[in-house]
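Hi everyone, thanks for coming. Please take a moment to look at the sequence and the model on the screen, and then I'll walk you through a few places in it.

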Amino acid sequence: MRQSKLFGKTIREISKDEQSVNAQLLIKGGFVDKLMAGVYTYLPLGLRTLRKIENIIREEMDTIGGQEILMPALQNKKDWEITNRWNIDVMMKIKTSFGKEYGLGWTHEEVATPLGKKCTKSYKDFPFAFYQIQTKFRNEKRAKSGILRGREFLMKDLYSFHTNEEDLDKYYDLVTDAYFKIFEKIGIKNKTYLTYASGGDFSRYSHEFQTVAGAGEDTIYICEKCGIAINKEIVENNQPECPKCKNENLKEEKAIEAGNIFKLKNRFSDAFDFKFLDESGKEKTVLMGCYGLGPTRLMGIIVEKYNDKNGIIWPKSIAPYQVHLVPLGKDDKVKKEAERIYASLQKEKIEVLYDDRDESPGVK
RNA sequence: CGGGGCGUAGCGUAACGGCUAACGCACUUGGUUUGGGACCAAGGGACUCCGGGUUCGAAUCCCGGCGCCCCGACCA
């Protein structure tokens with residue numbers, strides 16, 4: 001890519017109003033543009049990085065047998081009434097000019113569960129898992145922290161379907177491992193902890209993946225012996241202890257929730273009467289798990305963690321380009337050589353951003 | 001949704017209730033430059049967020065709205 005043709009310019013000054021580190025750096029660098037609070041356009045540079053994060057996630061999801069699909073963002077009111085979640089605050093609702101109501105998906109159990117039911121009958125169809133990477137909408141009362149908490153954002157959500165609890169447990173652990181592989185590839189593994197958190201209305205615990213960062217809105221307590229953490233929200237009697245080894249000497253940190261996984265079990269399959277026929281021809285309830293991970297939020301976390309006075313330092317695996325070719329000076333020989341190198345890198349299919357602009361070295 | 005701050009050119013800012021709303025960056029043209037955000041000259045670009053009000057006169061004061069940022073609440 002010739003930088004002279006690159007859409008989206010860097011910005012030298014940004015309003016002091018914009019205090020979030022990731023928002024400042026991403027906007028200044030021409031990676032994103034803010035349309036409104038919590039709603040961003042991904043410009044060519046930013047989108048390249050976002051796509052790389054997505055593809056790393058896809059690789060790991062595919063490896064554990066997840067099949068990619070794409071569900072609608074527009075949601076059917078009826079299905080959300082079945083699960084009693086139509087009137088939850090985070091749901092954005094729209095009403096058409098002729099009065100029909102729709103919701104915008106902030107999660108997809110209400111689509112995934114009936115879909116799973118429609119396509120299966122017998123135990124032979126199980127287990128299976130599908131996932132999507134898709135835009136989610138959440139009616140955040142207050143969007144904040146740049147791309148970390150938006151009203152519209154990208155989420156990878158994986159849903160798994162099982163005939164028994166052991167199988168669900170096994171898959172749950174498999175997903176956990178896959179998540180850490182993703183974190184490793186994008187460079188945040190050493191700061192990310194499997195964290196015990198509230199299980200909402202369907203189980204005692206869920207597990208979050210919390211990345212230690214000053215910009216985090218969650219407080220976690222890390223057990224350095226076990227390498228896991230517990231979210232402050234479920235600490236009882238003000239005395240955090242490790243859920244595994246009962247260690248009470250834990251380290252308090254601010255952290256950002258990178259992902260969250262749940263054993264839904266029968267919460268949604270019961271609501272939609274999702275059953276299967278077992279080996280003896282008896283009907284049994286399907287058990288489900290769901291596993292979320294936010295590509296756009298991951299991008300924000302990475303920016304928060306990898307930067308210095310000069311700007312963002314992308315990990316190589318997700319940098320928008322592998323090579324930034326920057327010829328300095330006006331010497332014709334330099335220019336010619338740069339063109340030659342550019343052509344050869346392109347031929348080798350090495351991602352290169354070529355700063356062919358007629359600018360001074362400082363600007364470049 | 002409660003509290004606080006803010007809204008002026010593409011971006012960042014300035015302007016006592018009073019001249020044609022100023023400056024820096026960016027942009028256009030010409031020239032000089034070229035190893036760490038160059039210089040000179042000439043330009044273009046603003047319904048001062050929107051709607052009311054006070055006043056001889058409003059970017060400036062008052063009321064209402066909208067928007068942005070921060071804190072809190074919220075975030076199955």
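**A walk through chain A**

Let's begin with helix 4, where the buried residues are E109, E110, V111, A112, T113 and G116. A residue is called buried if 20 or more other C-beta atoms lie within 10 Å of its own, exposed if 12 or fewer, and partly exposed in between, with C-beta atoms placed from the backbone. Helices (H or I, at least four residues) and strands (E, at least two) are DSSP runs, numbered from the N terminus. The cover over those buried residues of helix 4 includes strand 4 (74-76), helix 3 (77-82), strand 8 (152-162), strand 13, helix 6 (267-271) and strand 16 (287-293).

Before going on, a word on what you are looking at. This is a predicted model, in which local features need pLDDT of at least 70 and side-chain atom pairs count only at pLDDT 80 or more, while totals for chains, interfaces and linings use all residues. Residues are numbered from 1 along each chain as its sequence is written, and chains are lettered from A and ligands numbered from 1 in the order in which they are written.

Now the overall picture. Chain A has 8 helices and 20 strands, and its C-alpha trace spans about 80 × 55 × 45 Å along the principal axes. Of its 364 residues, 38% are buried. Two residues are in contact if their C-beta atoms, placed from the backbone, lie within 7 Å. Taking contacts between residues at least 6 apart in sequence, 68% join residues at least 24 apart.

Next, helix 2. It covers residues 44-63, 20 residues in total, and reaches 28 Å from first C-alpha to last, close to the 28 Å expected; that expected span is 1.5 Å times one less than the number of residues. Its buried residues include L45, T49, I53, I56 and E60. Keep in mind that an α-helix has 3.6 residues a turn, so residues three or four places apart point the same way. After helix 2 comes G65, with a positive phi near 85 degrees.

Which residues of helix 2 meet helix 7? They are T49, L50, I53, E54 and I57, and they meet P295, T296, L298 and M299 in helix 7. By class, this contact has 6 nonpolar, 2 polar and 1 charged residues. For those classes, Ala, Val, Leu, Ile, Met, Phe, Trp, Tyr, Cys and Pro count as nonpolar, Asp, Glu, Lys and Arg as charged, and the others, Gly among them, as polar.

Staying in helix 7 (residues 295-305), we find E304. Is E304 buried or exposed? It counts as buried because it has 23 C-beta neighbours inside 10 Å. E304 lies 281 residues from A23 in sequence, yet their C-alpha atoms are 9.3 Å apart. Leaving out residues up to four places away in sequence, E304 touches V21, N22, A213 and A215.

Finally, some backbone details. Most residues other than glycine have a negative phi, and most peptide bonds are trans. The peptide bond from F126 to P127, however, is cis, with omega near -10 degrees. P127 sits in the loop between helix 4 (109-118) and strand 7 (128-137). K246 has a positive phi, near 65 degrees, and is in the loop between strand 12 (228-231) and strand 13 (251-265). K246 is exposed, because 8 other C-beta atoms lie within 10 Å.
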